[in-house]
Amino acid sequence: MWPRRRLLLIAPSGAPGIDGARAFFKEINLDFHEIDPAATELSPVSFQDWLEKPFACGANETGPFTEGVVWPGLDDDWRPQQILEYSLPVQSINVYLHNFFEDEIVIPFSEQEVLAEGYPLAGHILKEAGFEPSILWQTKDGTWKCEERPGFIWVLPKSWLLMLTGKETLGRSVADSGPEVLWKRNEMGIDFYRGEGETYVGHLPRRPNPAEEPSAAASIAMCLNLGVSWFDITLALKSAWTDNIMTDNLRWNGNGFGWNARTCGEELSAEGFNDMENRRTC
């Protein structure tokens with residue numbers, strides 16, 4: 001029998017998102033061969049020839065495969081003669097991805113996601129916090145990249161997932177870690193709170209491009225919900241936010257007097273303090 005798994009990807013060669021699938025398959029070390037049903041036909045072979053055909057075939061030969069995966073939009077009844085004859089399993093890429101990510105946590109990110117050190121912001125934060133996430137993304141120049149790590153989280157483009165799986169949710173549910181983290185924008189920045197009681201978590205300054213803020217804030221809130229500490233987030237964001245990042249239970253006073261302790265709103269003098277006790281104002 002054949003020594004390993006080999007997938008036949010049945011997809012239009014120029015299909016949107018196909019480069020993302022190629023990068024994904026290569027990164028997980030899945031041996032696959034791709035055919036375009038509009039341009040390629042598998043020639044019939046005898047049963048004996050098929051079993052004895054080596055995996056290392058010529059450039060114009062498909063070689064044997066152990067399963068087929070069909071791209072969205074193709075006729076569900078499209079099946080090569082070999083698959084029908086030898087009862088090899090064929091599934092949609094939707095089903096394939098559901099099976100692959102069954103035990104993983106899948107984190108989608110939007111096309112407007114801020115890049116930090118070349119990575120999507122959510123992936124960058126989780127990586128810097130030690131969660132070892134796997135990440136699939138498209139760089140600014142349009143190149144698809146994929147990095148697999150030993151963690152149980154996959155960070156994937158929302159548009160790519162929508163294209164391949166529709167609105168279905170992939171992966172397992174995230175364990176309940178307490179009240180959900182919410183965020184609010186104001187003139188001075190973005191504040192993060194936990195739960196309906198609005199327990200204050202932290203503050204970020206506004207970004208130069210306001211259009212980037214919703215996706216960035218949503219990614220940060222998601223990381224907090226996954227258990228990333230605010231301290232780890234502030235460390236990871238040094239490259240993405242060049243302005244001051246506020247820490248737990250501190251707010252920035254907009255009129256320039258300096259820091260406010262906790263949330264009482266009392267103005268502090270811009271002059272220096274002799275000791276930390278003098279900072280306690282409420």
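Which residues does Gln-91 touch, not counting residues up to four places away in sequence?

Modeller: First, the ground rules. This is a predicted model, in which local features need pLDDT of at least 70 and side-chain atom pairs count only at pLDDT 80 or more, while totals for chains, interfaces and linings use all residues. Residues are numbered from 1 along each chain as its sequence is written, and side-chain values use heavy atoms, leaving out hydrogens and water.

Now the contacts (heavy atoms within 4.5 Å). Gln-91 touches Glu-67, Gly-68, Val-69, Val-70, Tyr-96 and Asn-99. Two of these partners are also reached by polar contacts. Such a contact is a pair of N or O atoms within 3.5 Å; within protein, one must be able to donate a hydrogen and the other to accept it, and residues adjacent in sequence count only if both atoms are side-chain atoms. The Gln-91 side chain meets that of Glu-67 at 3.4 Å. With the side chain of Asn-99, the distance is 3.5 Å.

Gln-91 sits in strand E4, residues 90–92. Helices (H or I, at least four residues) and strands (E, at least two) are DSSP runs, numbered from the N terminus. Gln-91 counts as buried because its relative accessibility is 19%. The cut-offs are under 20% relative accessible area for buried and over 50% for exposed, with partly exposed in between (1.4 Å probe, protein chains only).

Next, strand E3, residues 67–70. Glu-67 and Val-69 point one way from E3, Gly-68 and Val-70 the other. All four are buried. In a regular strand, side chains alternate between the two faces of the sheet.

E3 pairs on both counts considered here. Pairing requires that DSSP find at least two bridges between two strands. E3 and E4 run parallel, joined by three bridges. Gly-68 has Val-90 of E4 as its bridge partner. Strand E1, residues 7–10, also pairs with E3 in the parallel sense, over four bridges. There, Ile-10 is bridged to Val-70.

Gly-73 counts as exposed because its relative accessibility is 81%. Gly-73 and Ala-15 are 58 residues apart in sequence, yet 9.8 Å apart in space, C-alpha to C-alpha.

A nonpolar core is a set of buried Ala, Val, Leu, Ile, Met, Phe, Trp, Tyr and Cys residues joined through side-chain atoms within 4.5 Å. The largest has 32 residues; Ile-125, Phe-192, Ile-220 and Ile-233 touch the most other members. Helix H7 gives the largest share of this core, seven residues. A second, separate core holds 28 residues, including Leu-9, Ala-21, Leu-30 and Tyr-96.

Ile-125 is one of the buried residues of helix H5. Six of the eight residues of H5 (121–128) are buried, so the helix is largely enclosed by the rest of the structure. Cover for these buried residues includes strands E8 (134–138) and E10 (153–157) and helices H7 (213–225) and H8 (230–236). Gly-130 follows H5 with a positive phi, near 90°.

Finally, the whole chain. The protein chain has eight helices and 15 strands. Of its 282 residues, 43% count as buried. Among contacts with a separation of 6 or more, 56% join residues 24 or more positions apart.
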